[in-house]
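Open the model in your viewer and keep the sequence panel beside it. This tour goes stop by stop: select, look, move on.

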Amino acid sequence: MSEQQVARIGIITASDRASKGIYEDLSGKAIEDTLNDYLTSTWEPVYRCIEDDQKTIEDTMKELVDNEGCCLVVTTGGTGPAARDVTPEATEAVCDRMMPGFGELMRAESLKFVPTAILSRQTAGLRGSSLIVNLPGKPKSIRECLDAVFPAIPYCIDLMEGPFLECNEEVIKPFRPKKK
């Protein structure tokens with residue numbers, strides 16, 4: 001992809017209540033707001049608010065990567081220990097390779113704020129040339145976790161030959177190795 005190409009980023013909210021319109025989706029909005037703060041390059045959100053069952057989550061991830069051309073898919077919801085929390089399982093089912101460091105870092109960051117962060121099962125993985133990252137459901141936790149892992153995301157997308165994500169370095173500083 002060329003540097004001028006608009007990056008398409010999928011945002012998935014997995015929730016039985018959100019998909020029925022019972023409440024405003026604050027978590028999906030928190031992801032979009034955070035990405036707007038981070039990114040100075042042009043990007044387009046591809047938003048889905050869906051039922052939190054594994055097949056629907058898997059199908060939506062596949063659609064956003066395979067059909068919508070998203071270089072990054074960020075999910076919210078379904079990462080806890082409850083029986084209905086199946087987002088990590090859906091992510092593992094659709095990914096070619098897992099990226100466990102993302103979940104490890106997000107839990108480590110969240111432990112600075114709440115001892116129950118060890119209950120979180122966030123993960124990340126690669127499907128084709130796209131990165132899928134699971135985030136928690138609370139807007140405050142979404143920002144904390146993205147602040148921790150986002151510095152690695154633009155370079156990960158570079159390595160997969162995706163669009164070049166430029167960032168507002170006063171807000172978030174991406175890591176890219178210096179060219180020799």
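Which element gives the most to the lining of the largest pocket? Select helix α6: it gives five residues to that lining. Bear in mind throughout that this is a predicted model.

**Stop 1: the pocket**

Stay with the largest pocket. Its volume is about 840 Å³. Now select G77, T79, P136, G137 and K138. Among the 36 lining residues, these lie nearest the pocket centre. Next, colour the elements that give two or more residues to the lining: β1, α1 (16–19), α2, α5 and α6.

**Stop 2**

Select S141, I142, E144, C145, L146, A148 and V149. These are the buried residues of α6. An α-helix has 3.6 residues a turn, so residues three or four places apart point the same way. What covers the buried residues of α6? The cover includes α2, β3, α5, β6 and α7.

S110 is buried, with a relative accessible area of 9%. Leaving aside neighbours within four places in sequence, S110 is in contact with A117 and C145. C145 is one of the buried residues of α6.

**Stop 3: the largest nonpolar core**

Select L39, L72, L131, V133, L135, F150 and I153. Of the 32 residues in the largest nonpolar core, these touch the most other members. Which elements each supply at least two residues of this core? They are β1 (7–14), α2 (26–38), β3 (72–76), α5 (100–111), β5 (124–127), β6 (130–135), α6 (139–149) and α7 (153–159). The largest share, five residues, comes from α6.

Now centre on L39. Not counting residues up to four places away in sequence, L39 touches I9, F150, L165, E166 and C167.

**Stop 4: two aromatic pairs**

The structure holds two aromatic pairs. Select Y38 and F150 to see one of them. This pair is tilted, with 4.7 Å centre to centre and 45 degrees between the planes. Y38 lies in helix α2 and F150 in the loop between α6 and α7, so the pair ties together parts that are 112 residues apart in sequence. Are these residues buried or exposed? Y38 counts as buried, at 0% relative accessibility. F150 is buried too, with a relative accessible area of 1%.

Move to Y155 and F175. Here the pair is edge-to-face: 6.4 Å centre to centre, 90 degrees between the planes. Y155 lies in helix α7 and F175 in the segment after α7, so this pair ties together parts that are 20 residues apart in sequence. Y155 is partly exposed, with a relative accessible area of 28%. F175 is exposed, at 53%.

**Stop 5: a charge over a ring**

Select R176 and F164. R176 lies over the face of F164, at 3.9 Å from the ring centre.

**Stop 6: a positive phi**

Which residue other than glycine has a phi near 60 degrees? Select E161: its phi has that positive value. For background, most residues other than glycine have a negative phi. E161 lies in the segment after α7. At 64% relative accessibility, E161 counts as exposed.

**Stop 7: E32 on α2**

Select E32, which lies in helix α2. E32 counts as partly exposed, at 28% relative accessibility. Show its contacts, leaving aside neighbours within four places in sequence: they are I11, W43 and P45. Then draw a distance from E32 to G10. Their C-alpha atoms are separated by 9.7 Å, and the two residues are 22 apart along the chain.

**Last stop: V114**

Select V114, in the loop between α5 and β5. V114 counts as partly exposed, at 37% relative accessibility. Draw one more line, from V114 to V171. C-alpha to C-alpha, they are 24 Å apart in space, and 57 residues apart in sequence.

Note on methods
Residues are numbered from 1 along each chain as its sequence is written. This is a predicted model: local features need pLDDT of at least 70, side-chain atom pairs count only at pLDDT 80 or more; totals for chains, interfaces and linings use all residues. Side-chain values use heavy atoms; hydrogens and water are left out. A nonpolar core is a set of buried Ala, Val, Leu, Ile, Met, Phe, Trp, Tyr and Cys residues joined through side-chain atoms within 4.5 Å. Buried means under 20% relative accessible area, exposed over 50%, partly exposed in between (1.4 Å probe, protein chains only). Helices (H or I, at least four residues) and strands (E, at least two) are DSSP runs, numbered from the N terminus. Contact means heavy atoms within 4.5 Å. Rings of Phe, Tyr and Trp (its six-membered ring) pair if their centres lie within 6.5 Å; planes under 30 degrees apart count as stacked, over 60 as edge-to-face and the rest as tilted. A charge sits over a ring if NZ of Lys or CZ of Arg is within 6 Å of the ring centre and within 35 degrees of the ring normal. On a 1 Å grid over the protein atoms alone, a cavity is a set of points where a 1.4 Å probe fits but cannot get out, and a pocket is an open set with protein on both sides within 12 Å along at least five of seven lines; lining residues have an atom within 4 Å of a point. Grid points are joined across faces, edges and corners, and a volume is the space filled by probe spheres set on the points.
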